[in-house]
Amino acid sequence: MEQPDVSVVMPVWRPHGPWLREAVESVLAEDGCSLELLVVDDGNEIPIASLLAQVDDDRLQVLRVTHRGECGARNAGVARACGRFVRFVDSDDVVVGDSTRRLLELSDTGSSVISYGDTVVCDEALQPLRTITTSLEGDVTRDCLLGRFDTRIVSMLFPRAVVEQAGPMDVSFPMNGDWEFVLRAVELAPVRQGDFTATLYRRHTSSKTGRASLLEGTRQRERIIVGYLDRHPEERGASLEREARSAAVLHTARAYASRGQPLRAIPHLIAGARFGLRPACRAAARIVLDELQARIRRSGSSRQERIDGQERHEADGVS
């Protein structure tokens, strides 16, 4: 087989069989560019090859490794990849038809460019919940460090040279490993945005985001900032470091509030204020507004339930 345009790397750990097959089939449905699909069996008890025995496509390769986690499995896939570009896909998501070709057209310009599209977050039945999108282009290093580069790794396409120069994913990150790797990559290459959906991201109770620990996430965000400053010591003590540390703790504050724990957000708001009063005030105002809106929705739902109950009671009385 000639060198493919794109190597798609899919780590698999304890998959839901139908979702895995749907993910694989969505990748292989692409016929607008040459690709290989490297499914990395991350030491599953039941070999993944047996779950994909019915898939008859020469572009599919199943690589079985000892269990090493998502980042380690991706590294194993990249080490085996032959494509000029690399795309990472999860085993419970769905690649939107023709999106790999469209990402390739944005990236394959003779220079190292990372392309990306939108990600639609869906429920288990792939019903859309929200769209992750941004229009940032060029050098997005600062925005990525500050959490403003709102995209997902599964909707990005990386030149192979950038992946190799950035180095392997850090296996010590059980969460935020995607962000840590993307930050290192965008420090090396500009990005280009495509105005289309690249991935349907399936959100479910066993997904990584569903299991995320806020405390561990905070620690890892701090590690990512420290790593960036190690690579760019000239930024130590500068405004970017203060902004990054503020953004990290305020993100935790908003996360606590979104999970219905606004009181636990207060210490993080105070910590954020030490780095910058204005962003902390904006975050606090946003949390208060979101809490008021949530209470209004809950109040409205309770009132509607009482009305519906009264109507049922009256209907029962008439009958």
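Predicted model: local features only at pLDDT ≥ 70, side-chain atom pairs only at ≥ 80, totals over all residues.
Local features need pLDDT of at least 70 and side-chain atom pairs count only at pLDDT 80 or more, while totals for chains, interfaces and linings use all residues. Residues are numbered from 1 along each chain as its sequence is written, and side-chain values use heavy atoms, with hydrogens and water left out.

**View 1. Strand β2 beside strand β1.** Strand β1 covers residues 6–12 and runs parallel to β2. The two are joined by 7 bridges; strands pair if DSSP finds at least two bridges between them. V9 has L38 of β2 as its bridge partner. Helices (H or I, at least four residues) and strands (E, at least two) are DSSP runs, numbered from the N terminus. β2 is mostly covered, with 8 of its 8 residues buried. Buried means under 20% relative accessible area, exposed over 50%, and partly exposed in between (1.4 Å probe, protein chains only). One side of β2 holds L35, L37, V39 and D41, and the other holds E36, L38, V40 and D42; all are buried.

**View 2. D41 in strand β2.** D41 lies in β2, which spans residues 35–42. D41 counts as buried because its relative accessibility is 1%. Leaving out residues up to four places away in sequence, D41 touches V12, I46, P47, I48, V62, L63, R64 and V65. Contact means heavy atoms within 4.5 Å. H67 is 26 residues from D41 in sequence, and their C-alpha atoms are 8.3 Å apart.

**View 3. R74 in helix α3.** R74 lies in helix α3, residues 69–80. R74 is buried, because its relative accessible area is 0%. Neighbours within four places in sequence aside, R74 is in contact with V9, P11, F88, D90, I153, M169 and D178.

**View 4. Helices α8 and α9.** Two packed helices are described by the angle between their axes and the distance between the axes. α8 (residues 214–231) packs with α9 (residues 239–258) at about 170 degrees, with axes 10 Å apart. That makes α8 roughly antiparallel to α9. Axes are lines fitted to C-alpha atoms, for helices over the stretch in contact, and angles run from 0 to 180 degrees between N-to-C directions. Angles under 35 degrees count as roughly parallel, over 145 as roughly antiparallel, 65 to 115 as roughly perpendicular and the rest as oblique. Residues of α8 including L214, I225 and L229 meet residues of α9, among them L240, A248 and Y256.
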